[in-house]
Amino acid sequence: MTQFHQLPKRFTEIGCNFIQRHRAVDHVCCFDHQMKPQVSVTPPAIYYCRNGHRGGGWGEVVWSSHESVQNSGMMAVRLAIHLRFQRIWVLGCDWGSTTISIYDDIYHGDKALPRAPGRRKFTNGALRQMEEWMTKRGVQIVSDRQEPFRLPVVSVTDFLAHYDTP
């Protein structure tokens, strides 16, 4: 979802994995600890991995055992909830529309890293968790595709109109 890379920065931003190659963000989440060596830790951004893998410039995001956090994007949402952001928009969530990442060249260069092509980017548990956050925490998915979400999403046009006039 490269359409968001050129937006002017107006709010605190959390990105995933290699986002710093395209956009400066405030926080970076990396769920798969095998990817950490591939991610360049560049202050002032703050870097997070999942519980049990902190160190070497990486903090950690923790969540309760009843939450089903399964990837870097979900971990970024959990971090935003932990940081008590008033409004949480999820940009670039392409669940249901593709299994390809703009960073596939990095992911596929190392056999230990996860492979997206050929499989869904989400599980039913991940979908339920995102929808729980949408309902209980006000998380908003920005997408021009409704699938796979059963709850309403915010269109890119509506998001950009709000983003331009906060």
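## Basis

This is a predicted model: local features need pLDDT of at least 70, side-chain atom pairs count only at pLDDT 80 or more, and totals for chains, interfaces and linings use all residues. Residues are numbered from 1 along each chain as its sequence is written, and side-chain values use heavy atoms, with hydrogens and water left out.

## Overall fold

The protein has four helices and six strands. Helices (H or I, at least four residues) and strands (E, at least two) are DSSP runs, numbered from the N terminus. Along the sequence the pattern reads β-β-β-β-α-β-α-α-β-α.

Of the 166 residues, 42% count as buried. Buried means under 20% relative accessible area, exposed over 50%, and partly exposed in between (1.4 Å probe, protein chains only). Among contacts (heavy atoms within 4.5 Å) with a separation of 6 or more, 46% join residues 24 or more positions apart.

## Helices H1 and H3

H1 (residues 72-82) packs against H3 (residues 124-137) at an angle of about 25 degrees, and their axes are 11 Å apart. H1 is therefore roughly parallel to H3. Axes are lines fitted to C-alpha atoms, for helices over the stretch in contact, and angles run from 0 to 180 degrees between N-to-C directions. Angles under 35 degrees count as roughly parallel, over 145 as roughly antiparallel, 65 to 115 as roughly perpendicular and the rest as oblique.

On the H1 side, the contact involves Met74, Val77, Arg78 and Ile81. On the H3 side, Ala126, Gln129, Met130, Trp133 and Arg137 meet them. By class, this contact has six nonpolar, one polar and two charged residues. Ala, Val, Leu, Ile, Met, Phe, Trp, Tyr, Cys and Pro count as nonpolar, Asp, Glu, Lys and Arg as charged, and the others, Gly among them, as polar.

## Aromatic pairs

The structure holds seven aromatic pairs. Rings of Phe, Tyr and Trp (its six-membered ring) pair if their centres lie within 6.5 Å; planes under 30 degrees apart count as stacked, over 60 as edge-to-face and the rest as tilted. Phe11 and Trp89 are edge-to-face, at 5.6 Å centre to centre and 70 degrees between the planes. Phe11 sits in the segment before strand E1 (14-16), and Trp89 in strand E5 (residues 89-90), 78 residues apart. Phe11 is partly exposed at 33% relative accessibility. Trp89 is buried at 19%.

Phe11 also pairs edge-to-face with Tyr163, with centres 5.5 Å apart and planes at 65 degrees. Tyr163 lies in helix H4 (residues 156-164), so this pair ties together parts 152 residues apart in sequence. Tyr163 is buried, at 3% relative accessibility. Ring pairs link Phe4, Phe11, Trp89, Phe159 and Tyr163 into a cluster.
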